[in-house]
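I opened the notebook to record what I looked up in this structure.

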Amino acid sequence: MPTGARLTAALSLALLAFLVSFLVMPQMPEGTDFGYFVHVNVVLGLLCGWVFMGRRAGGGLVPAINNGLTGMAVMVLWALFIQGTWEMFRLAMRHRYGGPFEALSQIFVIALEYFFVIAVPSVLIPLVIGGVLAGLATENASRRWR
């Protein structure tokens, strides 16, 4: 059921994904083609905010902070998985893998490599602060618009 909390959570995580996507780009190797990188991350932020954060709003201050951090973490994990899958398909189309199981296992290897690329303070600190602010905004919307 659509609520103000779900809408606020979706928009705040989408905004966080948009901002952090531009912080991640300089961390990647030079010449990387980002294509729909920002668009995919914004859609993931919308979905994670609507599905995960919006329905858990309304518990108070500490649960709101936990909700924001959890929503941010879920968004990052899904983003790593989807971007890793996209890169695996790109490499698979160039016949870089010996078989389908090798290609599928490389999704997690690539996602882990991407995690180490973004595991720098210039990306993690805005993620944490944005997650907390998203949780607090969602809680505020939950209390205001019942």
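The model is predicted, so local features need pLDDT of at least 70 and side-chain atom pairs count only at pLDDT 80 or more, while totals for chains, interfaces and linings use all residues. Residues are numbered from 1 along each chain as its sequence is written, and side-chain values use heavy atoms, with hydrogens and water left out.

**Entry 1: the chain**

I looked up the secondary structure and found 5 helices and 0 strands. Along the sequence the pattern reads α-α-α-α-α. The C-alpha trace spans about 55 × 30 × 25 Å along its principal axes.

**Entry 2: H1 and H3**

Two packed helices are described by the angle between their axes and the distance between the axes. I noted that axes are lines fitted to C-alpha atoms, for helices over the stretch in contact, and that angles run from 0 to 180 degrees between N-to-C directions. H1 and H3 pack at an angle of about 50 degrees, and their axes are 11 Å apart. That makes H1 oblique to H3. Here angles under 35 degrees count as roughly parallel, over 145 as roughly antiparallel, 65 to 115 as roughly perpendicular and the rest as oblique.

Which residues meet in this pair? From H1 I listed Leu13, Leu16 and Ala17, which meet Gly71, Met72 and Met75 of H3. By class the contact has 5 nonpolar, 1 polar and no charged residues. For the classes, Ala, Val, Leu, Ile, Met, Phe, Trp, Tyr, Cys and Pro count as nonpolar, Asp, Glu, Lys and Arg as charged, and the others, Gly among them, as polar.

**Entry 3: H1 and H5**

The axes of H1 (residues 4–24) and H5 (residues 121–144) come within 8 Å and cross at roughly 165 degrees. That makes H1 roughly antiparallel to H5. The contact includes Gly4, Ala5 and Thr8 of H1, and Gly130, Gly131 and Ala134 of H5.

**Entry 4: H3 and H4**

H3 and H4 have axes 8 Å apart and pack at an angle of about 125 degrees. That makes H3 oblique to H4. Among the residues that meet are Phe81 and Met88 in H3, and Phe108 and Phe115 in H4. The contact of H3 with H4 has 13 nonpolar, 3 polar and 1 charged residues.

**Entry 5: the largest pocket**

I noted that a pocket, on a 1 Å grid over the protein atoms alone, is an open set of points where a 1.4 Å probe fits, with protein on both sides within 12 Å along at least five of seven lines; lining residues have an atom within 4 Å of a point. The largest pocket has a volume of about 770 Å³, where volume is the space filled by probe spheres set on the points, joined across faces, edges and corners. Of its 31 lining residues, the closest to the centre are Met28, Phe34, Phe37, Gln83 and Tyr114.

Which helix gives the most to the lining? I found that H3 does, with 9 residues. The lining divides into 22 nonpolar, 5 polar and 4 charged residues.

Note on methods: Helices (H or I, at least four residues) and strands (E, at least two) are DSSP runs, numbered from the N terminus. Contact means heavy atoms within 4.5 Å.
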